[in-house]
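Here are my notes on the model, point by point. Please read them with the structure open.

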Amino acid sequence: MYSVTYQNVNKHFGDHQVLFDVSLDVAAGEVVCLIGPSGSGKTTLLRCANQLEEISSGLIWIGDELIGVKQAGDRLEVLSEREKARQRQSIGMVFQRFNLFPHMTVLQNIIEGPTRVGRVKRDAAEAQAMSLLERVGLRSKSGAYPAHLSGGQQQRVAIARALAMNPSLMLFDEPTSALDPELVGEVLEVMRELASAGMTMMVVTHELGFAREVADRVVFMDQGRVLESGPAEKVLTQPADPRCQAFIERVL
Ligand code: ADP
C-alpha cells in the first residue's frame with residue numbers, strides 16, 4: 001500500500017481558485033474520510049491525486065513518487081502521457097455513478113482493464129475477477145449485464161473492477177450518494193472489508209456513521225481549505241473549528 005502526501009496544493013479552474021494551499025498526509029493503510037459542504041473542493045482533491053485534474057501549484061506524492069512530474073536537476077519536468085497513465089493505473093477510483101460499460105457483462109467489465117491495459121492473460125484475469133466477485137458477494141452475477149443489477153450491486157462491481165488493477169490506493173467519491181437508502185449498507189460493508197484488509201483509502205462521504213466507524217482520520221474541508229483533521233471520534237463529536245461544528249450539526 002502507498003501513502004499519499006499533498007504539499008501546498010493549489011488548484012484553479014480559470015480565475016476560480018478551488019483549492020488553497022492544501023497539505024495533507026495519508027499514511028499507507030490509513031482510511032481518511034473527507035467531509036464538508038458541497039463545493040468545498042473534496043472531489044477536486046481526489047481527482048488531482050489520479051490526475052483527472054492537474055494541480056496549479058504544489059506537489060502530490062503517492063508513496064515516494066511525485067505525481068505528474070519528475071525531478072530533473074533542480075527543476076520539475078512534466079511526465080509523458082505514458083508515464084502518467086502508468087501512475088494512474090496504480091490508483092483505483094470509484095465514482096458516485098458506477099460507470100460500468102453497459103454492453104459488457106459483469107465479468108467482462110472487470111477483466112477489461114487487466115487484459116487490455118495491464119496485459120494480463122484472459123484466463124488469469126477471469127480467475128482473479130471471480131475471486132474479486134466472491135469478495136464483493138456477487139460471484140453468481142458474473143454473466144449479468146449492469147442494467148439487470150441493483151445500484152448497490154453495480155457499485156460493488158465497480159469496486160471489484162477498480163481492485164482488478166491491483167491498486168495501491170483507492171479513491172472513493174461519494175460512492176453511496178446515488179443509491180437508494182436500503183442499498184447503501186451493502187456498499188459500505190465492502191468498503192469496510194477493504195479498509196480492514198489494510199487498503200489505503202480516501203473517501204469523500206456524507207455517511208458520517210461510516211466515517212466514525214471506519215475512518216482512521218476525518219478531514220473537514222470548506223471553501224477549498226482543510227479546516228480540521230483528526231481522529232474520527234474527535235472531529236465528529238468535538239470539532240474545534242466552528243464551521244466544522246456547524247456542518248456536523250446540520251448533517252447529523
Ligand atoms: P465538493 O466535492 O466538495 O462538492 P468540488 O471539488 O466538486 O467540491 O468543487 C469545488 C469547486 O470547484 C466548486 O466551486 C465547483 O463548482 C468547481 N469545479 C469543479 N470542477 C470544475 C470544473 N471542471 N470546471 C470549473 N469549476 C469546477
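1. Axes here are lines fitted to C-alpha atoms, for helices over the stretch in contact, and angles run from 0 to 180 degrees between N-to-C directions. Helices (H or I, at least four residues) and strands (E, at least two) are DSSP runs, numbered from the N terminus. This is a predicted model: local features need pLDDT of at least 70, side-chain atom pairs count only at pLDDT 80 or more, and totals for chains, interfaces and linings use all residues. Residues are numbered from 1 along each chain as its sequence is written, and side-chain values use heavy atoms, with hydrogens and water left out.

2. Start with helix 5 (residues 151–163) and helix 6 (residues 181–196). Their axes come within 8 Å and cross at roughly 20°. Helix 5 and helix 6 are therefore roughly parallel to each other (angles under 35 degrees; over 145 is roughly antiparallel, 65 to 115 roughly perpendicular, and the rest oblique). Helix 5 brings G151, G152, Q153, Q155, R156, I159 and L163 to the contact, and helix 6 brings L183, E186, V187, V190, M191 and L194. Contact means heavy atoms within 4.5 Å. By class, 7 of these residues are nonpolar, 4 polar and 2 charged. Ala, Val, Leu, Ile, Met, Phe, Trp, Tyr, Cys and Pro count as nonpolar, Asp, Glu, Lys and Arg as charged, and the others, Gly among them, as polar.

3. Helix 5 also packs against helix 3. Their axes come within 8 Å and cross at roughly 25°. Helix 3 and helix 5 are therefore roughly parallel to each other, and the crossing is right-handed. V106, N109 and I110 of helix 3 meet V157, A160 and R161 of helix 5. That contact divides into 4 nonpolar, 1 polar and 1 charged residue.

4. How do the axes of helix 3 and helix 4 cross? Those of helix 3 (residues 106–117) and helix 4 (residues 122–135) come within 9 Å and cross at roughly 125°. That makes helix 3 oblique to helix 4. This crossing is right-handed. On helix 3, the contact uses V106, L107, I110, I111, P114 and T115; on helix 4, R122, A125, E126, Q128, A129, M130 and L133. The classes are 9 nonpolar, 2 polar and 2 charged.

5. Look next at T105, in the loop between strand 8 (91–94) and helix 3. T105 counts as buried, at 11% relative accessibility (buried is under 20% relative accessible area, exposed over 50%, partly exposed in between, with a 1.4 Å probe and protein chains only). Neighbours within four places in sequence aside, T105 contacts S142, G143, A144 and Y145.

6. N166 sits in the loop between helix 5 and strand 9 (169–173). N166 is exposed, with a relative accessible area of 58%. Its C-alpha atom is 21 Å from that of V204, 38 residues apart along the chain.

7. Helix 1 (residues 42–49) has 6 of its 8 residues buried, so it is largely enclosed by the rest of the structure. The buried residues are K42, T44, L45, L46, C48 and A49. Just after helix 1, Q51 takes a positive phi of about 65°.

8. On annotation, UniProt places "domain: ABC transporter" (unreviewed entry) at residues 4–248. UniProt positions are in the numbering used here, feature names are shortened, and annotations may be inferred rather than shown by experiment. The span is 38% helix and 27% strand, and its end C-alpha atoms lie 26 Å apart.

Terms used
Left-handed = near helix turned anticlockwise from the far one by under 90°.
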